[in-house]
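Have the chain in view as you read.

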Amino acid sequence: MEYSHIAPQFRSVMELSDLERIKFMEEARWVDYPAGNKLLDLLNGLLLKPARPRMPNVLVVGDSNSGKTTVIHRFKTLCGKPYISDDGVSVRPVVYAEIHKPDERELYNAILENFWAPHNPAAPLAKLRHQAIHLIREARTRMLIIDEIHTVNNGSPAKKSDVMNELKMLANTLQIPLVLVGTRVALQLLSLDPQYSSRFEVLSLSNWVVNPDFQRFLKSFESVLPLKKQSKLFSPDLATLIHAISQGITGNVEYLLQECAREAIQTGSELIDRRLLEKNQWMRPTKGLRVRTL
């Protein structure tokens, strides 16, 4: 079968121009893998739990670019789409907010912006809190997700505690699961007070090791890359090299393979081989600068 290495639903893309195939490749597209699917299942289980005074809360952690936010957005797509209830209420099952500094106003402004609600960012904290809680209740929200929670660690001990206490109050008041998402630095927030560590279960997205699961992930990822030739990324030789360059970090794997696929289309080689991977090993994660030689 022609293009049998491409997922059936995407084979029509192979008839497009080079530029159109590159554009298709750059669009966000979910690829199944065990850890991501397990996290999706756990979040869905939380969403379905009946309300009670002390709901379970989770802290999702992983290395930078490990795919945490990708899984969260996949969950929102599958389980968090807004809808109109039978009694005419505009329901938002999941509310997602992203914060970037250790400040309670930042927290509530991020929530209100998610609702596209008119508000004064400089309003008193009590007013912002009241408005956010009112909208969440009115929307019958069943889960609140706060991304980039590790940025709270940039604050003073007092500011860290203020934000964490605000989150604890929200969980108590709303009686819905609270999901915090961040890098492993966020684990330090739970050590500020025994109450925090007792309220949050930690879910860790680990990096890949070279095993059959990683090879299956590479095979699935190859099936959405619009290349005319099969690369066999899942072969032991290429899988080991991809892992070495990406250090097993999901986002780095995706970035590496997309960059290689783009070059394969532009040069007409139409496959990712060892030579192309080695050429792009400048993408290897590092604490310093990553420099591409032109």
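Rings of Phe, Tyr and Trp (its six-membered ring) pair if their centres lie within 6.5 Å; planes under 30 degrees apart count as stacked, over 60 as edge-to-face and the rest as tilted. With that rule, ring pairs tie Trp30, Tyr33, Trp208, Phe214, Phe217 and Phe221 into a cluster.

A quick note on the source: this is a predicted model, where local features need pLDDT of at least 70 and side-chain atom pairs count only at pLDDT 80 or more, while totals for chains, interfaces and linings use all residues. Residues are numbered from 1 along each chain as its sequence is written, and side-chain values use heavy atoms, with hydrogens and water left out.

Searching the whole structure turns up seven aromatic pairs.

| Pair | Type | Centre to centre | Between planes |
|---|---|---|---|
| Tryptophan 208 and phenylalanine 214 | tilted | 5.5 Å | 45° |
| Tryptophan 208 and phenylalanine 217 | stacked | 5.0 Å | 25° |

Are these residues buried or exposed? Tryptophan 208 is buried, because its relative accessible area is 11% and buried means under 20% (exposed is over 50%, partly exposed in between, with a 1.4 Å probe and protein chains only). Phenylalanine 214 is buried too, at 0%, and so is phenylalanine 217, at 2%.

Charges can sit over rings as well (NZ of Lys or CZ of Arg within 6 Å of the ring centre and within 35 degrees of the ring normal). Arginine 29 does this over phenylalanine 10, at 5.2 Å from the ring centre, and lysine 219 over phenylalanine 234, at 5.3 Å.
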